Amino acid sequence: MAEAHDSKTTSSTKSLYELSVSAVAEHFIAYKKYLNFLPENVLFDLYYQLYKDKKLFLLGIEFSDLNILLRMLKVTNRRIHLLKSFQALMENGTKVGTELAISYKLCCQSNKNNLDAQERIINLGLRLGGFLSDAGWYLESEKVLSACKDLCILGPQNPDTWCRTLDCCHKLLHAQAAYCAFTGAAETYQLALQTIEKLKNAGYTNTNHAALYAEFGVLFFIRSEYDQAYKWSVEALKQLTPSIPGHIVINVLRQAAKSCVVKREFQKAGLLIKQAVYLAREIFDTDHPKYSDVLIDYGFYLLNSDSIVNSVSIYNFALDIRKSIFSLYNLHVAKAHEDLAYALYVQEYSSGKFNSAIIHANKAIAIMEKLLPAEHLMLASAKRVKALILEEIALDTAPTPGPEPNLLHKSESLHLSALQLAKTAFGERNVQTAKHYGNLGRLYQSMRRFPEAEEMHLKAINIKEELLGSDDYEVGLSIGHLASLYNFHMNRYRDAEELYYRSIAISLKLFGKGYSGLEYDYRGLLHVYTKLEETDKYLEYMDALNHWKELRDRHAELDEPPIDQKCPQPIEDIINAFFSM
């Protein structure tokens, strides 16, 4: 017993350094005037002690000082602790992000004619804006980086300034795209293109645009302009070399993988996103926000490639990482809740068990409502997910003869709001707008408003075919929904049959015979042929359904763990493999 007690005492004993840090933190105000002389790493430990002691008022005063926070940004091996501390301040109601943005803007204005100071101030802005973006405070990041961009433009026009302008565009575009600030993002995109052209015309070739091109891809991906997203993602891949920093390589691989997913090039997507996972794990470890970012994109790949259970597992892992760093009221956490909610909705679609899905959707919305304007596009996206879940809950829990009307009306309100915001942001001819039409079509079918349901489905199909082609997954999805309407509610069995055939053909082409979504088309055809009394056709598709079940059982047995322990390969090998596919 004595040995056990001694061991416990030893393990909890603080070092002399730790005791000193705690003592200074305890009497912080008395020692404050001497702190400027401390090295950055020691000063960081002192501020982190204030965070642990919940002395957030004092910490907020310190971190609102631009010079102090910039000193803390130099302590790069403590970034997670800095993110936790900063999030605690923002969650506690301090306006530290806004105050830093104002301070930086004033610094830029007071030095706009001081050419000697401009390079230093621009570099400070890049670091501060990048940190605010990493911390999930995109609006504050945009304010800092916009001021930084303006200072770049005011400076002397030469290749060095142009390169700094591109660095600023890269970080600014990331914040604007993530925050769905598409007007500003379009201006930043054009500025970047013009600046690249200036460097080219000046014969300046000592630049690499991999990171910037990847952000171009991100912007077009979020705007659902998938051809452009894929184009810029491929251009970013071409720029990768072994000397490129690992964090840039990871971002390029992530974005290219997502672009491949929406182009239904799953083999390429799998190659890239798995490499990004291995590399992020090696560089950042598994508790870092950069690793969670990669996992979110890996979950997207798994969900779209029909590995739904694994997708839910990965999204849960990513959410846990983000909550451990960003606590509760942060957009990083909100987006992870939304992604998990949708994956759970897909997973439980046939079971009707949507309790977990609706919990995560509500959490996402609650966070976003606290942090975003009421009509923000990010909030509309989360509400769309909730609307889908509410519709299914209404259908699964309603007493006869029809679904629960209140839930369906709530769902309709959410869908209409999301549609209007999408049309305002993207226009009528956009994939996101088409998805909202399709969602309304399914909802109106549940509400027994069949002519309106047909109108919405036809709109969705028309837009998707125009933008994506007639054989895209999204087209097949909408065709299957229209087939269901004709089959189960409008007695148009031949029309339904033709649409089911099209939907099945698309699924087989993209995913193969074991694709989960084929079940709904096969069961739909069984209903069609029952109504048409075509026994031979009924037996044919009953055999197809039974064969599909066998394939799904084998798929479940062979399903690999979502994350293996492989090491990253040389980037040149990955690029060669990608372009040889």
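At what angle do helix α14 and helix α29 pack, and how far apart are their axes? The points below take up this question and then turn to salt bridges and a surface patch.

1. The structure is a predicted model, in which local features need pLDDT of at least 70 and side-chain atom pairs count only at pLDDT 80 or more, while totals for chains, interfaces and linings use all residues. Residues are numbered from 1 along each chain as its sequence is written, and side-chain values use heavy atoms, with hydrogens and water left out.

2. Helix α14 (residues 226–239) packs against helix α29 (residues 571–580) at an angle of about 140°, and their axes are 10 Å apart. Because of this angle, α14 is oblique to α29 (angles under 35 degrees count as roughly parallel, over 145 as roughly antiparallel, 65 to 115 as roughly perpendicular and the rest as oblique). Helices here are DSSP runs of H or I with at least four residues, numbered from the N terminus.

3. Side chains of opposite charge can pair when their charged atoms come close. A search of the whole structure finds 31 salt bridges, where a salt bridge is a side-chain nitrogen of Lys or Arg within 4 Å of a carboxyl oxygen of Asp or Glu. One of them joins R442 to E392, with the closest N and O atoms 3.4 Å apart. This pair links distant parts of the chain, since R442 belongs to helix α23 (residues 431–446) and E392 to helix α21 (residues 377–397), 50 residues apart. R442 counts as buried because its relative accessibility is 12%, and E392 counts as buried at 6% (buried means under 20% relative accessible area, exposed over 50%, and partly exposed in between, with a 1.4 Å probe and protein chains only).

4. R449 and E452 form another salt bridge, their closest N and O atoms being 3.0 Å apart. Here R449 is partly exposed, with a relative accessible area of 24%, and E452 is partly exposed as well, at 32% relative accessibility.

5. Within helix α27 (residues 518–531), E519 and R523 lie 4 residues apart, about one turn of the helix, and their side chains meet in a salt bridge (3.0 Å, N to O). R254, K258 and D297, in turn, are linked in a network of salt bridges.

6. On the surface, Y31, Y34 and F37 form a nonpolar patch with about 400 Å² of accessible area together (patches are made of residues with over 30% relative accessible area and no salt bridge, nonpolar side chains being joined within 5 Å and like charges within 9 Å). Y34 sits in the loop between α3 (28–31) and α4 (40–52), and Y34 counts as partly exposed because its relative accessibility is 48%.

How values were computed: Areas by Shrake-Rupley, 256 points an atom, 1.4 Å probe, with all protein chains shown as cover. Helix = DSSP H or I, 4+ residues; strand = E, 2+ residues; numbered from the N terminus. Axes fitted to C-alpha atoms, helices over the stretch in contact; angles between N-to-C directions.
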